[in-house]
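Hi,

Here is the structure I promised to pass on. Have a look at it first, and my notes follow below.

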Amino acid sequence: MKGEYTQNGKEAMERFKMECANEMGVNLKQGYNGDLTARQAGSVGGQMVKKMVESYKMQ
């Protein structure tokens with residue numbers, strides 16, 4: 001059971017990351033994204049955190 005939850009969580013976070021990247025205009029692809037600048041990668045991570053904090057505050 002634990003492995004199933006872990007896999008579902010990873011898939012959900014990957015979808016969330018892609019959604020945030022799309023909102024920020026960053027072209028992410030599946031797998032390695034070493035061609036991104038630090039600024040692009042940071043903007044995606046920052047957007048993810050921002051949305052998670054907003055979601056937490058709404059609860």
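A quick definition to start: helices (H or I, at least four residues) and strands (E, at least two) are DSSP runs, numbered from the N terminus. Keep in mind that this is a predicted model, where local features need pLDDT of at least 70, side-chain atom pairs count only at pLDDT 80 or more, and totals for chains, interfaces and linings use all residues. Residues are numbered from 1 along each chain as its sequence is written, and side-chain values use heavy atoms, with hydrogens and water left out.

Now the surface. Met 13, Val 49, Met 52 and Val 53 make up a nonpolar patch there, and together they have about 330 Å² of accessible area. Helix 2 (residues 38-58) gives the largest share of that patch, three residues. The areas come from the Shrake-Rupley method with a 1.4 Å probe, and for residues only the protein chains shown count as cover.

Val 49 sits in helix 2 and counts as partly exposed because its relative accessibility is 47%. Buried means under 20%, exposed over 50%, partly exposed in between (relative accessible area, 1.4 Å probe, protein chains only).

Gln 47 is also in helix 2, but at 16% relative accessibility Gln 47 is buried. Leaving aside neighbours within four places in sequence, Gln 47 is in contact (heavy atoms within 4.5 Å) with Cys 20, Glu 23 and Met 24.

Over in helix 1 (residues 2-24) you'll find Tyr 5, which is exposed at 54%.

Cheers

Methods
Patch = residues over 30% accessible without salt bridge, like charges linked within 9 Å, V, L, I, M, F, W, Y side chains within 5 Å. Salt bridge = Lys/Arg side-chain N within 4 Å of Asp/Glu carboxyl O.
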